[in-house]
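Colleague: I would like to learn how to read the place where two chains meet. Could we go through it step by step?

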Amino acid sequence: MSEVEILGKVVAVLKPYVKNEGALETATGATSILNDLQVNSARLVDIILALEDEFDIEIDDDAADSVQTLQDAVNVIVAQKDG
Amino acid sequence: MLRLRVRVALQVQRVLAHLFFPIFAVCVVMALRFRGYRIEEIARVRQSFRAITRTCRGPILLCSNHLTVVDSAIIAWALASNGTYFLRFHLFAWNLPEWKNFYRNVGLRILCYLGKCVPIIRDGSVDEKRESMAKLEHLLRQGDAVAIFPEGTRSRSGHLDMENFGYGAGQLWTRVPNVTVVCVYLRGLAQTTYSTIPARGDKMFVEVQRMEAQSTHKGLRAARDVTRQIMDTLYQMEQRYRARIPAPPPDTDHTGAADAGDGHASDKDAPA
């Protein structure tokens, strides 16, 4: 799966959690999940678990903590799939 | 792993807090009494908490709803006497005040320091949040009680926020063996929504309940699972509190003082 495809799936996973849906439509890898998409920080754990389910991977706590932008999420997923 | 310097600093804070506790506690309780606050059935509340502390094997994680900035002080006052805390200082729970709310001036800083507080920065960096969790984990492992508000902030609706709670309480449960979760529902009888402090002269309803948390999951899934169990327990406690408010007689106006004063939402507001 290419990074672009992964990014598309990440955006789909994020959709129920974002408050700024307009920003999601124009999201890029640099888009901040908390600041740009205005996701409640308390929901980051739900997003990580949803990504685990979507991509059938396990994301450890340290990797989960590193996810700030969409590209961070893509990188963690790629690393877990390759690993 | 928490750095040695931080562990030593916490231990020093604990010792100083214990030394100054007789003065600190008397001043805090006097201030609460000066405001006219009372705890409804305080003997029953303390008996419930005492029964829990006698039977639990591990450290206590107090989980409570959150409506005012003095909730922690009122809960501490309600759960045990100053004498009990002095003799069993591990029961006097560490708290996690938001840095910008409580560390504005030297007086508040000293109060928080002696009140066993570990400041957190709500929008802090990943490293800051990680260190705050590590501190709490360390304190629990040392056998001290820790108090946490799963909602993270005072509920703007005045009712338990079942949508926006974080999973910190569950994360602590997953990390510390044998931790005993004790849910506390606190509410001033005159409390309508959230506020800085309760109304002068308010009487506080307090209910304490030990919760047997369980999860078949691990890691973050277990943290989410357990935090939901904690929130469900607090929600049931809130429902019990609401149920005790007598319904108005059929021939009276339903906007009467009892309902309006307490500000309870109807069941249609309740989460599914």
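Colleague: Which side chains meet in a salt bridge with a distance of 2.7 Å, N to O?

Modeller: A salt bridge is a side-chain nitrogen of Lys or Arg within 4 Å of a carboxyl oxygen of Asp or Glu, and here the side chains of Asp53(A) and Arg221(B) form one. Please keep in mind that this is a predicted model, in which local features need pLDDT of at least 70 and side-chain atom pairs count only at pLDDT 80 or more, while totals for chains, interfaces and linings use all residues. Residues are numbered from 1 along each chain as its sequence is written, chains are lettered from A and ligands numbered from 1 in the order in which they are written, and side-chain values use heavy atoms, with hydrogens and water left out.

Colleague: What area is buried between chain B and chain A?

Modeller: The size of an interface is often given as the accessible area lost when the parts come together. With a 1.4 Å probe and summed over both parts, the buried area here is about 1,200 Å², and carbon and sulfur atoms give 46% of it. Tyr167(B), Leu220(B) and Arg221(B) supply 47% of what chain B buries against chain A, more than any other three residues.

Colleague: How many residues does the contact take from each chain?

Modeller: Counting heavy atoms within 4.5 Å as contact, 12 residues come from chain B and 14 residues from chain A.

Definitions and conventions. Buried area is the accessible area (1.4 Å probe) that two parts lose on being put together, summed over both.
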